[in-house]
Amino acid sequence: MNTFDFIVNAAVEDHILSLVSTLLERVLSSSANSVFVPASSDLSEFQSIQAPSISIRDYMTRIYEYGSCSATCLILAMIYIERLMQRESSLMLNEYNVHRIVAVASVLATKYLDDLQHENDYWAQVVGISKQELNRLERLFLSLLDWNM
């Protein structure tokens, strides 16, 4: 790959990161006035007690940069989230659950697609939750999708 290809690829990946972040921001703003009461106790596992102070755009940038998550993985993560929302009709993304759902979907997408894979110890540091919680949420996400990736 020459320098021009690298610059073009980096620009495309940055654009995809921006598009995916904007999409999630719009979903969050459209559900900002909705109260989320999960019908399933499983879905409540993704809820945090308080909304993280980091914006979803900055959070996704963190995952992209420190997790070596490619733009393709970000797109696949959004597909996983869409599948989860289709299967679990009571799931509404909000400021209390979106970070954890994005984190788990991104970890799963990276494990599925990318050659470079980090251990969950590392991922837990990147996404800001304990390794035990990440492991539990990863199993739950997979279970909710019937392990169909």
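**View 1. Buried residues of helix α3.** In α3, the buried positions are I56, Y59, M60, I63 and Y64. Seen down the axis of α3, these buried residues fall within an arc of 135°, so they line one face of the helix. An α-helix has 3.6 residues a turn, so residues three or four places apart point the same way. The model shown here and in the following views is predicted. After α3 comes S68, which has a positive phi, near 55°.

**View 2. M60 and its contacts.** M60, one of the buried residues of α3, touches L17, V20, S21, L24, L74, M78 and V102, when residues up to four places away in sequence are not counted.

**View 3. The largest nonpolar core.** This core comprises 44 residues, of which M60, V102 and F141 touch the most other members. At least two residues of the core are supplied by each of α1 (3-30), α3, α4 (71-87), α5, α6 and α7.

**View 4. Buried residues of helix α6.** Helix α6 spans residues 120-127, and N120, W123, A124, V126 and V127 are buried in it. These residues cover an arc of only 160° around the axis, which puts them on the same side of α6. Among the elements that cover the buried residues of α6 are α3 (56-66), α5 (98-113) and α7 (131-144).

**View 5. The residue after α6.** G128 follows α6 and has a positive phi, near 80°.

Definitions and conventions:
Residues are numbered from 1 along each chain as its sequence is written. This is a predicted model: local features need pLDDT of at least 70, side-chain atom pairs count only at pLDDT 80 or more; totals for chains, interfaces and linings use all residues. Side-chain values use heavy atoms; hydrogens and water are left out. Buried means under 20% relative accessible area, exposed over 50%, partly exposed in between (1.4 Å probe, protein chains only). Helices (H or I, at least four residues) and strands (E, at least two) are DSSP runs, numbered from the N terminus. The arc is that of the directions from the helix axis to the C-beta atoms. Contact means heavy atoms within 4.5 Å. A nonpolar core is a set of buried Ala, Val, Leu, Ile, Met, Phe, Trp, Tyr and Cys residues joined through side-chain atoms within 4.5 Å.
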